[in-house]
Amino acid sequence: MILLRGYRRPNNLLFAEMIISLLFFILSFALIIRVFAGADSLEREERRRERAALCAQSVAEAYSVSGDLSKSLELALGAFPEERGGRLEIRLDEDFKPEDSGGITLVLEESRTDSGAGDYSELEICFTRSGGEIYSLKCGAYIPRTGGAAVEQ
Amino acid sequence: MRDKKFPVSSGNRADYRARTLADTASAVGSMLLFVLFAVCMLLAVAVAADTYSRIKNGFQQSFGAVSSMKYISNKLRSADNVTVFEDGTAAAVENGGMVSVIYFGDGGLYEKTTVSGEEITADGGDRISEIDFMRISERDGLYEITVGSGGESSSLLVRRG
């Protein structure tokens with residue numbers, strides 16, 4: 001180093017400049033990667049939400065026809081879960097197909113009010129993943145004794 | 001020139017060699033840093049391009065399938081009468097004396113509107129969106145619309161009548 005002192009200093013300056021540029025680049029690179037990872041994550045979340053919305057709509061439509069929780073899930077997803085006191089829970093995979101070890105949980109909660117000629121039923125369809133809500137839909141249906149008719153909200 | 005600048009003596013010669021080595025090391029180090037910089041830059045561009053491409057494709061696939069399904073489901077809901085073709089790739093939707101034929105063909109969803117009572121064929125319509133396949137079926141009082149786009153398929157149930 002003693003030999004370099006005072007001799008061909010431009011090389012040292014170039015070296016220092018390159019290191020500073022590289023450090024700046026590394027910081028920018030980290031920022032860019034983070035932005036793109038965020039965008040990718042948002043896009044995946046959006047696609048999941050869209051699929052959940054379609055799935056919820058199918059369940060609501062099936063419920064409007066059948067007036068029964070289990071039957072509506074059977075029609076919409078081909079699943080046969082057991083209903084417990086107006087509540088039904090099922091696990092789905094990333095393609096929204098029934099899968100016991102799936103990461104998405106679909107919860108259906110039904111509350112019925114007897115109105116003489118039939119029941120007025122409120123159904124809440126909620127999709128969750130890792131504790132966070134993906135999508136939820138509330139719908140109301142008037143279910144006559146003989147069949148179903150629903151109005152989605 | 002060399003002799004003038006660095007007189008030939010054993011001490012000066014060693015000094016000169018050391019300086020030359022230091023210069024070479026500095027230049028090589030700078031070049032290596034530049035190469036590292038360039039490689040990192042290429043890597044960043046490649047990663048960014050890949051991610052952007054994935055996001056764009058995902059959006060297009062999702063938009064194509066979802067918008068097609070919503071379009072068909074809205075048509076079916078507002079119809080007075082619906083006739084689903086045997087192979088499920090087309091449906092004639094009658095509403096207010098007009099018949100709209102929604103069909104899949106040539107890599108897209110098409111629609112053709114004709115007056116009620118005329119011959120209904122699934123050709124010569126306007127392109128609505130790009131999809132891989134479309135199928136409409138009837139079961140248990142519901143229409144099932146299945147649309148494929150970008151290697152993925154999605155289904156939607158719509159109440160009949």
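**Contacts, sheets and turns**

Author: In this predicted model, 34 residues of chain B are in contact with 32 residues of chain A.

Reader: What makes a residue of chain B count as in contact with chain A?

Author: The test is a C-beta distance within 7 Å, with C-beta atoms placed from the backbone. By that test 34 residues of chain B touch 32 of chain A. The elements that give two or more residues to this side of chain B are helix H2 (10-77) and strand S8 (152-159). H2(B) gives the most, with 25 residues.

Reader: Which classes of residue make up the side of chain B that touches chain A?

Author: By class, that side has 19 nonpolar, 9 polar and 6 charged residues.

Reader: What confidence does the predictor give?

Author: For the complex, the ipTM is 0.74 and the pTM is 0.75. Chain B has an average pLDDT of 85, and 93% of the residues score at least 70.

Reader: What makes a set of residues a nonpolar core, and which members touch the most others?

Author: The members must be buried, of a nonpolar type on the list used, and joined through C-beta atoms within 7 Å. The largest such core holds 53 residues. Those that touch the most other members are Val59(A), Ala62(A), Ala76(A), Met69(B), Ile102(B) and Ile145(B). Helix H1 (residues 9-66) of chain A gives the most to this core, with 9 residues.

Reader: What is Ile102(B) in contact with, leaving aside neighbours within four places in sequence?

Author: Ile102(B) is in contact with Ile72(B), Lys75(B), Ala90(B), Ala91(B), Val93(B), Leu109(B) and Glu111(B).

Reader: How do you know that S2 and S3 of chain A pair?

Author: Pairing needs at least two bridges. Strand S2 (residues 104-114) and strand S3 (residues 118-129) of chain A have 11, in the antiparallel sense, so they pair. One opposite pair is Thr105(A) and Thr128(A). The two strands form a hairpin with 3 residues between them, and Gly116(A) in the turn has a positive phi of about 90°.

Reader: How many bridges join S3(A) to S4(A)?

Author: There are 12, and strand S4 (residues 132-144) of chain A runs antiparallel to S3(A). Across these strands, Tyr120(A) stands opposite Tyr142(A).

Reader: What makes S1 and S5 of chain B edge strands?

Author: The sheet is open, with 5 strands in the order S1-S2-S3-S4-S5 (chain B) and antiparallel pairing. Strand S1 (81-84) and strand S5 (126-130) each have a single partner strand, so one side of each lacks a neighbour in the sheet. On average, neighbouring strands here are turned by 20° against each other, direction ignored. Within this sheet, strand S3 (residues 98-105) and strand S4 (residues 108-115) of chain B pair over 8 bridges, and Met98(B) has Val115(B) as its bridge partner.

Reader: Why are S6 and S8 of chain B called edge strands?

Author: An open sheet of 3 strands has the order S6-S7-S8 (chain B), again with antiparallel pairing. Strand S6 (133-139) and S8 each have a single partner, so each is left with one side without a neighbour in the sheet. Neighbouring strands of this sheet are turned by 15° against each other on average, direction ignored. S6(B) is joined to strand S7 (residues 142-149) by 7 bridges, and Phe133(B) stands opposite Gly148(B). S7(B) and S8(B) pair over 8 bridges, where Glu144(B) has Leu157(B) as its partner. The hairpin of S7(B) and S8(B) has 2 residues between the strands, and Gly150(B) takes a positive phi near 65°.

Reader: Where are Ser130(A) and Asp106(B), and why are they called buried or exposed?

Author: Ser130(A) lies in the loop between S3 and S4 of chain A. Ser130(A) has 8, so Ser130(A) is exposed. Asp106(B) is in the loop between S3 and S4 of chain B. Asp106(B) has 8 C-beta neighbours inside 10 Å and therefore counts as exposed.

Terms used. Residues are numbered from 1 along each chain as its sequence is written. Chains are lettered from A and ligands numbered from 1 in the order in which they are written. This is a predicted model: local features need pLDDT of at least 70, side-chain atom pairs count only at pLDDT 80 or more; totals for chains, interfaces and linings use all residues. Helices (H or I, at least four residues) and strands (E, at least two) are DSSP runs, numbered from the N terminus. Axes are lines fitted to C-alpha atoms, for helices over the stretch in contact, and angles run from 0 to 180 degrees between N-to-C directions. Two residues are in contact if their C-beta atoms, placed from the backbone, lie within 7 Å. Ala, Val, Leu, Ile, Met, Phe, Trp, Tyr, Cys and Pro count as nonpolar, Asp, Glu, Lys and Arg as charged, and the others, Gly among them, as polar. A residue is buried if 20 or more other C-beta atoms lie within 10 Å of its own, exposed if 12 or fewer, and partly exposed in between; C-beta atoms are placed from the backbone. pLDDT is the predictor's confidence in each residue, from 0 to 100.
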